[in-house]
Amino acid sequence: MAVGRVGLGRAMAGGGKIRLLPLIAATYFMVSGGPYGLEDILGMAGYGWALVLLLVVPVVWSLPTSLMVGELAAAIPLQGGYYCWVRRALGSFWGFQEAWLSLAASVFDMAIYPAIVVLYVGRLEPAWTAGYRGTVWALAVVVLCMVWNLWSARAVGEGSVGMFCLLLSPFVVLTAVGLWKGLVGGHGLGVAGTAALGVPRTGADFAGAVSVTLWNYMGWDNASTVAQEVEEPQKNYPRAMLAAVGLVAVTYVLPLAAVAAAGIPAERFSTGAWTDAARELVGPWLALCVVLGGTINGFGMFNALVMSYTRVPYALAEEGMLPKVVAKTNARGVPWVSVVLCSVGWALALRLSFERLISIDLVLYGGALVLEFVALVVLRVKEPELARPFKVPGGVWGAVGMGVAPAGLIAFALWAARGERVAGLPALGFAAIVAAAGPVVYFAARVMRKGRLTATPSVMR
């Protein structure tokens, strides 16, 4: 693994390592990106159930996942993160499946964020995104994020801090005004009317709301893939995970509580409706700020996730499962070949049209997440003496318990997606085909690796 070690040494001398605050901000963007995307939860379930979901899901989904990530990232702070955990616990086959599921999910996941940028730019001026111009904007997001990531992981982390502040500033104003009008000014629902929060809206789609909520709270393991580019990872990963869980929950719940208090009907909420709420509660200038924040949301999430996903092919190349060229790094320790290759792949996927990207993303990501929880338990049994600077409490059974609620929620998401169709196929069938390709690709990679080693006997196995 000499290539990676040399690259990381250069990173320390050049771009530097990610500190705690930038790690928190980058994790925030890998998971959330602000209240954008919550509108569909509100429109599907109404205020009462939306707030219940946004308060309960962090406890039963985000907290167990972040605790698992905190332990494994602190104990095994290697480049490639979750791939390395699963490979160490379960062997190379399952490690490769973890990487395959994560990268396959990224194709569907990463197609969403440039589309968000295009959506909000179009709200500024529809003509700017009409026809081919929308594709140009989406490609611009991919190219800009690729260039930013080539600079260094630290640059991505520090940029995430600035984008975090810009993104949330309109919602600070919206939340303050909404709560003032509703709870202090005597408008909207007011204190006496909060009982209406418990009434589900007519035609509520609770299963759909749960799936969208899970999607808005997933991605806690993504920051783990840059472990060797993080300052003091044994200390900073657990801190960043727990801080990000709190930040995401607060920045989700407060804006929804504010528009509920102000009395804006839940039925009026769908994708992009924050703009209308800002215009109604404050004025056109805040609506404009929310629109600009929407572009930051899509860009910031895509940028942070480029940093995360591109370290997985790098780690695979270090292990000989991909051509060694993919592990090449630049002067700042960035795996530039992987960054470029992944960016090209995501750019080619921008025009794909899927009815329910979230369903496919959840299924593939859910499979990878289950493997990580299994790795947590297996490593407790196989390597009880492994140094764990941060440890999930409760021994082996505590580790087992951490995965129960997330696994149950993944099963519910599968059930909720049973009737959905993607690209003309049942969504679950489509996801199953993608997942089933993983073992085929693994054995093909093994054959190619054996061929490379036979052709070049001097290469270290």
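Trainee: Is the crossing of helix 6 and helix 12 left-handed or right-handed?
Mentor: In this predicted model, the axes of helix 6 (residues 112-124) and helix 12 come within 8 Å and cross at roughly 165 degrees. Angles over 145 degrees count as roughly antiparallel, and helix 6 is therefore roughly antiparallel to helix 12. The crossing of the two helices is left-handed.

Trainee: How many charged residues are in the contact of helix 6 with helix 12?
Mentor: Helix 6 contributes residues including Tyr 113, Ile 116, Tyr 120 and Arg 123, which meet residues of helix 12, among them Leu 288, Val 291, Gly 294 and Phe 302. By class, the contact of helix 6 with helix 12 holds 15 nonpolar and four polar residues, and the number of charged residues is one.

Trainee: How are helix 7 and helix 12 oriented to each other?
Mentor: The axes of helix 7 (residues 132-151) and helix 12 (residues 284-309) come within 9 Å, crossing at roughly 50 degrees. The crossing is right-handed. Angles under 35 degrees count as roughly parallel, and 65 to 115 as roughly perpendicular. Helix 7 and helix 12 are therefore oblique.

Trainee: How many nonpolar residues are in the contact of helix 7 with helix 12?
Mentor: On helix 7 the contact is made by residues including Val 141, Leu 144 and Trp 148, and on helix 12 by residues including Phe 299, Asn 303 and Met 307. Two residues of this contact are polar and no residue is charged, while the number of nonpolar residues is nine.

Trainee: How do helix 3 and helix 10 lie to each other?
Mentor: Their axes are 9 Å apart, and the helices pack at an angle of about 175 degrees. The contact of helix 3 with helix 10 has 25 nonpolar, four polar and no charged residues. Since an angle over 145 degrees counts as roughly antiparallel, helix 3 and helix 10 are therefore roughly antiparallel.

Trainee: Which residue follows helix 10?
Mentor: Helix 10 (residues 233-262) has 30 residues and reaches 43 Å from its first C-alpha to its last, close to the 44 Å expected at 1.5 Å a residue. The residue after helix 10 has a positive phi, near 85 degrees, and is Gly 263.

Trainee: Which residue meets Arg 380 in a salt bridge?
Mentor: Side chains of opposite charge can pair when their charged atoms come close. The whole structure contains ten salt bridges. In one of them, the N to O distance is 2.8 Å, and the pair links helix 15 (residues 357-382) with helix 3 (residues 39-75), 309 residues apart. The partner of Arg 380 is Glu 71.

Conventions:
Residues numbered from 1 in each chain as written. Predicted model: local features only at pLDDT ≥ 70, side-chain atom pairs only at ≥ 80, totals over all residues. Heavy atoms only, no water. Axes fitted to C-alpha atoms, helices over the stretch in contact; angles between N-to-C directions. Helix = DSSP H or I, 4+ residues; strand = E, 2+ residues; numbered from the N terminus. Left-handed = near helix turned anticlockwise from the far one by under 90°. Contact = heavy atoms within 4.5 Å. Nonpolar A, V, L, I, M, F, W, Y, C, P; charged D, E, K, R; others polar. Expected span 1.5 Å × (residues − 1). Salt bridge = Lys/Arg side-chain N within 4 Å of Asp/Glu carboxyl O.
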